[in-house]
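User: Hi, I'm new to reading protein models. Can you take me through this one, question by question?

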Amino acid sequence: MSAAYRARLRSPAEAAALLRPRDTLCVPLGPGQPGAFLDALGARDDWQQLEIFAGLLLAPHSVLFHAGVRVLSGFFGPVERAIRDQGMDVRFVPADFRRFAPAMRKLAPRVVATVVCPPDASGRMSLGLHAGASVDEMHRAGADQGRVLVAEINPYLPRTFGIGAHDHSLSIDEVDVIVESELPLPVLPESEPSPVELAIAANIRPFVSDGMTLQTGIGAVPSTVVEILASGGGGDYGIHSEMFTTGLMKLHESGKISNRKGVYDGFSISTFALGTEALHRWLDERPDVRFLPVDLVNDPAVIARNRKMLSINGALAVDLYGQLAADTIDGQQWSGIGGAEDFVCGASFSEGGHSIVCLPSTANVGGRAISRLVPQFPAGALVTTPRHQVDIVVTEFGAAELAGLTVGGRAAALASIAHPEFRDSLAEAAGKHR
């Protein structure tokens, strides 16, 4: 342990005491969040106005339930939804993932905290599973004597790497406080796909050709697609994906990744990873998977330069114009905008590429099935992705290839992949489109 390390080492409680009753704090999205530090904040009861800027909270830390604490989230997950439903002060910040960084700059939180790996021989602490949008804000906080940069060291975090100037690490010398923790890392367990999810994945498979560069979002369908690719023929794939998943690990293990993409050749590119413990072990000091800031990974111009880019993401509903609702239900925040739209846009401009949006044809509401494909979104509905961006929509009943079709042609194609119970009424509505 170096002298610089010892000088900065504090207990979680001592680090939490550095915050004022009225203060601002930023923590990264999901797997970059410092759990022991956040838990220590919950032991205080003097909060008057603590604002926490975050996204995709992965644990219900007790500080989130304190009066005087407000959460500003750029992406709702189960934790945000739960604390909102219990009456806590959690508010959505409408921004895609790339715009988290400007939002942080505008907020200019006095305290920035992140989880990191133990330092290497040169005193660099890898950011592990998350690069995202907060890296620049960490460096700014570390360089500002009026701000506080907290690094929570967790030995279970895999040591991962960046590229060039984006080295995906902090130095001991730039952080103000070091906290040690041995909390288990958050995991996203694998689940068995349902028959509907298997059918959707099967309908996506024909669009995947050898040599494609892949981006997959969260969920059973993208995971099932990559497992089909791992166990089947073909290969020579590349990976350029906002999120690195357990399924993408399996595709690597199958020997089908060449990463001859034309952009960052030789490396699978991501900005954060979330998956199983096996994924965490596999990523540790992995030379062929690199983590870069989200403003590079999710830049549509960079995405479009990849060879035969194919993006696979989900949605909650689609109307016959091709508009997508992916982050709200009946006007209430469900998830977030994230990076899906960047990949929808970028993949469509890649030579030989496609963007695919997938969803089950129905949802169960109050014990009855309703169609996720609707004639038109009602007034006041929040559109996540506009119609002109959408390329291919897939349900368990087929694929609607929308690019290049007229308004009427798009509506007819979408009606044709609806559940049979709703297909005739949607086809009738589609007939009114021109």
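Analyst: Grid points are joined across faces, edges and corners, and a volume is the space filled by probe spheres set on the points. This is a predicted model, where local features need pLDDT of at least 70, side-chain atom pairs count only at pLDDT 80 or more, and totals for chains, interfaces and linings use all residues. Residues are numbered from 1 along each chain as its sequence is written, and side-chain values use heavy atoms, with hydrogens and water left out.

User: How much space lies in the largest cavity?

Analyst: Searching the whole structure turns up one cavity of 30 Å³ or more. The space in the largest cavity is about 50 Å³.

User: Which element gives the largest share of that cavity's lining?

Analyst: Helices (H or I, at least four residues) and strands (E, at least two) are DSSP runs, numbered from the N terminus. Among the lining residues are Asn313, Leu324, Ala340 and Val344. The largest share, three residues, comes from helix 13.

User: In strand 25, what is the bridge partner of Val318?

Analyst: Strands pair if DSSP finds at least two bridges between them. Strand 18 (residues 317–319) and strand 25 run parallel, joined by two bridges. Val318's partner in strand 25 is Leu373.

Notes
1 Å grid on protein atoms, 1.4 Å probe; cavity = no way out; pocket = protein on both sides within 12 Å on 5 of 7 lines; lining within 4 Å.
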